[in-house]
Every structure is written in C-alpha cells, then in structure tokens.
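Reader: I would like to go through a model feature by feature. Could we begin with how the elements are assigned?

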Amino acid sequence: MTKSPELRLFRAIITQAISDAMYKGLHKYKIIDKREAIAWLTSNSNDFKMICHFADIDSEYASIKFTKAMKLDIYNLTDMQCKILQNKPTRGPYIKKKYRLTFNDT
C-alpha cells in the first residue's frame, strides 16, 4: 500500500519530534528543541492530536507511550543540558555565537 505524501509528511513531523527529544548533544538551541519536543510529545494537546490524526496514529496511545518512555529516562534532559539551559558554566563543546531563526505567532 502506497502512503500518501500528506500521511508521510505528518508522520515525519512526529518522527522529527522524537528525534529532537532524543538529542544527547550540548548545543543550546538543539537542547531547547529537545525540551519543546518532549513537552509536545507528552502533552496530548489539540495540536498533537491533530498531527496524530493526520498521521493515522491514535494520539492517546502515542501520548501514553511517550509518557512511559519519559519514566524510563529515554527522553530526559541530561544534567549538562540543564546547566546549559540555565547558562551555568560547563566543560565541553558549547558554541555561544550561533543564531537561531524563530517564527512568532502574530
């Protein structure tokens, strides 16, 4: 069975969120993406439900699975990532001069 481009697109959104949630590195903006992805994957928000609906995934089941994965420390922020988000001094690679493109809801 061939999947429609739309189905592949909405599944790719969920796949990207999972990938972002599993980030292990120390780049501040990717850690911010990780934190937002974790929040979205476990929120069961209307937005999450809509994306799951178009991806042909049961949103409640998916939310439960992501929440259980959080309890297994699969998607938690590391201590070092938390320090970076709090702007505490860390050892290791951390690039301060990066810029991030953001989109505001206006």
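Author: A helix here is a DSSP run of H or I with at least four residues, a strand is a run of E with at least two, and numbering starts at the N terminus. Whatever falls between two such runs can then be placed by the helices beside it. The model is predicted.

Reader: How many helices and strands are there in the protein chain?

Author: The protein chain has 5 helices and 0 strands. Read from the N terminus, the order of elements is α-α-α-α-α.

Reader: Where is Asp56 found?

Author: Asp56 sits in the loop that joins helix 3 to helix 4. Its phi is positive, about 60 degrees, although Asp56 is not a glycine.

Reader: Is Asp56 buried, partly exposed or exposed?

Author: Asp56 counts as exposed because its relative accessibility is 62%, and the cut-off for exposed is over 50%.

Reader: Which loop holds Asn44?

Author: Asn44 belongs to the loop between helix 2 and helix 3. Its phi is near 55 degrees, again a positive value in a residue other than glycine. With a relative accessible area of 23%, Asn44 is partly exposed.

Reader: Let us turn to burial. What share of the residues in the protein chain is buried?

Author: Of the 106 residues in the protein chain, 26% are buried. The accessible surface comes to about 8,000 Å², and carbon and sulfur atoms contribute 56% of that area.

Reader: How should I read the contacts in the protein chain by separation?

Author: Take the contacts with a separation of 6 or more: 59% of them join residues 24 or more positions apart.

Reader: Which residues of helix 2 are buried?

Author: The buried residues of helix 2 are Ile31, Ile32, Lys34, Ala37, Ile38, Trp40 and Leu41. Their cover includes helix 1 (5-21), helix 3, helix 4 and helix 5 (79-85). As for its geometry, helix 2 has 14 residues and spans 20 Å from first C-alpha to last, close to the 20 Å expected at 1.5 Å a residue.

Reader: What does the side chain of Lys34 make a polar contact with?

Author: The partner is the side chain of Gln81, at 3.0 Å. Beyond residues up to four places away in sequence, Lys34 touches Asp20, Ala21, Tyr23, Tyr75, Asn76, Leu77 and Gln81.

Reader: Next, the rings. How is a pair of aromatic rings described?

Author: Two quantities are used, the distance of the centres and the angle of the planes. In this structure a search finds 3 aromatic pairs. One of them is Phe48 with Phe66, an edge-to-face pair with 6.3 Å between centres and 75 degrees between planes. This pair links distant parts of the chain, since Phe48 is in helix 3 (residues 46-54) and Phe66 is in helix 4 (residues 59-71), 18 residues apart.

Reader: Which residues do ring pairs link into a cluster?

Author: The cluster consists of Trp40, Phe48 and Phe66. Trp40 is one of the buried residues of helix 2. Phe48 counts as buried at 0% relative accessibility, and Phe66 counts as buried at 11%.

Reader: Which residues is Ser59 in contact with, leaving aside its neighbours within four places in sequence?

Author: Ser59 contacts Asn44, Phe48, Lys49 and Cys52. Ser59 lies in helix 4 and counts as buried at 12% relative accessibility.

Reader: Finally, the cysteines. How many disulfides does the structure hold?

Author: The structure holds 0 disulfides. The test is a pair of cysteine sulfur atoms within 2.5 Å. Cys52 counts as buried, at 1% relative accessibility, whereas Cys82 is partly exposed, with a relative accessible area of 28%.

Notes. Residues are numbered from 1 along each chain as its sequence is written. This is a predicted model: local features need pLDDT of at least 70, side-chain atom pairs count only at pLDDT 80 or more; totals for chains, interfaces and linings use all residues. Side-chain values use heavy atoms; hydrogens and water are left out. Buried means under 20% relative accessible area, exposed over 50%, partly exposed in between (1.4 Å probe, protein chains only). Rings of Phe, Tyr and Trp (its six-membered ring) pair if their centres lie within 6.5 Å; planes under 30 degrees apart count as stacked, over 60 as edge-to-face and the rest as tilted. A polar contact is a pair of N or O atoms within 3.5 Å; within protein, one must be able to donate a hydrogen and the other to accept it, and residues adjacent in sequence count only if both atoms are side-chain atoms. Contact means heavy atoms within 4.5 Å. Accessible areas come from the Shrake-Rupley method with a 1.4 Å probe; for residues, only the protein chains shown count as cover. The expected span of a helix is 1.5 Å times one less than its number of residues.
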